[in-house]
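The following paragraphs lead through the structure shown below, beginning with a single pair of residues and widening from there.

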Amino acid sequence: MCKKTIDFDHVINRKNTNCLKYDFAIRRGKPDNLLPLWVADMDFKVSEEVLNALHERVDHGIFGYSEVQDEYFAAIRDWMEKKHHWNVESRWLIKTPGVVFALAMAVQAFTDPGDGVMIQQPVYYPFSEVIEDNDRVVVDNTLYLGEDGTYHMDLEDFERKAEEFHVKLFLLCSPHNPVGRVWSREELEKLGEICIRRDILVVSDEIHQDFVFEGEHLVFAGLSEELKNRTITCTSPSKTFNLAGLQISNIFIANQKLRRRFRKQVAAAGYSQLNTLGLTACEAAYRHGEEWHDQLIEYLKANISYVREFIKEKIPKVKLIEPEGTYLVWLDFRELGLTEEEREDLIMKKAGLWLDSGAMFGPVGEGFERINIACPRSILEQALGNLEQAIKTL
């Protein structure tokens with residue numbers, strides 16, 4: 001376990017490494033000199049324990065088809081039990097190359113073309129993509145921003161639309177990306193009651209479960225025996241330990257019938273053994289990464305505090321939606337009174353920033369921007385300073 005203080009302030013040059021975040025602006029129709037705080041990976045080097053495990057595997061020099069031994073599951077099991085008070089069984093586990101892949105497999109396995117699949121916009125945009133690309137219908141139970149400055153579920157609307165569109169499947173985002181909610185027990189239990197009553201299967205994307213600043217992450221499948229038997233729980237070390245490029249996710253399905261259908265769909269997609277280095281990194285991260293992760297959380301909390309104070313003092317017309325979880329901060333620009341095009345001009349051309357426009361998370365996201373604060377403080381300071389100067393030109 002890491003015992004030394006991690007220097008998260010150290011800036012690592014990611015350019016010219018085939019990095020999606022830094023090297024593909026022109027290909028995506030943007031200027032090449034933007035400061036990127038968009039896609040959800042971190043500008044931090046992974047822990048030494050993960051690097052050591054990868055070096056050892058690379059030094060072996062052979063990268064044939066690989067599987068995992070019992071130690072792999074034990075590392076994940078121990079993490080889930082300690083961090084989330086959730087006891088998992090090895091037979092529940094199906095490994096996939098990513099959570100989005102798992103979402104698509106679930107949509108294909110448990111619904112038919114033309115069926116409605118429920119989501120809660122503004123939400124991670126691949127949710128709607130895997131529904132529409134598979135010829136299903138997006139049914140949006142839109143989250144609403146309350147007077148308390150917090151997003152809430154409209155559960156009456158959820159049940160009404162579930163009945164109207166004969167919804168079979170619901171994609172839950174918990175903690176929620178991009179609005180940063182860590183759902184309360186009361187919210188999740190009421191939601192679960194509806195899903196049981198309406199016989200709705202739940203795919204719970206819990207990839208951000210290890211980034212909680214307010215409240216406690218509750219595993220949806222862990223709330224009751226009934227919910228355990230109708231939930232596909234999607235987890236991954238990719239966000240927690242910055243391993244997205246290694247393509248590894250761990251999907252837990254307690255219900256044997258659902259698990260068989262899901263596994264069959266994965267087999268139909270032609271996928272079997274996973275990335276050897278991804279498996280290696282995942283086990284090492286869950287086994288040895290706790291201290292690194294604990295220090296990371298404290299650094300991210302400080303970054304959020306910096307953003308909060310900067311916005312309050314320097315750009316008060318931009319409103320911070322207080323993040324309870326994730327390292328993705330949701331900012332409300334609507335008070336500036338700009339159109340989508342004007343706001344894009346402000347952020348990209350005047351501030352020189354690459355953020356994620358809220359509109360990509362659904363129509364209700366228009367007027368908002370998502371910013372990734374998992375970066376060294378100096379990068380965050382530069383980005384917010386640029387934004388302040390750009391807003392002064394309005």
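Which residue in β10 does T233 stand opposite? In this predicted model, the residue facing T233 is F252 of β10. The two strands concerned are β9, residues 231-235, and β10, residues 249-253; they run antiparallel and are joined by 4 bridges.

This pair belongs to a wider arrangement. An open sheet is formed by 7 strands with mixed pairing, and its order reads β2-β10-β9-β8-β7-β3-β4. Because β2 (93-96) and β4 (137-140) each have a single partner strand, they stand at the edges, and one side of each is left without a neighbour in the sheet. On average, neighbouring strands of this sheet are turned by 25° against each other, direction ignored. Helix α10, residues 256-268, packs on the sheet and touches β2, β8 (201-205) and β10. The direction of α10 makes about 20° with that of β2.

Helix α3 (residues 70-84) packs with helix α11 (residues 276-288) at an angle of about 40°, and their axes lie 8 Å apart. That angle makes α3 oblique to α11, and the crossing of the two helices is left-handed. On the α3 side the contact is made by E71, Y72, A74, A75, I76, W79 and M80, and on the α11 side by L279, C282, E283, Y286 and R287. Of these contact residues, 9 are nonpolar and 3 are charged, while none is polar.

As for annotation, the unreviewed UniProt entry assigns "domain: Aminotransferase class I/classII large" to residues 37-384. The span of residues 37-384 is 43% helix and 15% strand, and its end C-alpha atoms lie 11 Å apart.

Definitions and conventions. Residues numbered from 1 in each chain as written. Predicted model: local features only at pLDDT ≥ 70, side-chain atom pairs only at ≥ 80, totals over all residues. Heavy atoms only, no water. Pairing = 2+ DSSP bridges. Axes fitted to C-alpha atoms, helices over the stretch in contact; angles between N-to-C directions. Contact = heavy atoms within 4.5 Å. UniProt positions renumbered as here; feature names shortened; annotations may be inferred. Parallel < 35°, antiparallel > 145°, perpendicular 65-115°, else oblique. Left-handed = near helix turned anticlockwise from the far one by under 90°. Nonpolar A, V, L, I, M, F, W, Y, C, P; charged D, E, K, R; others polar.
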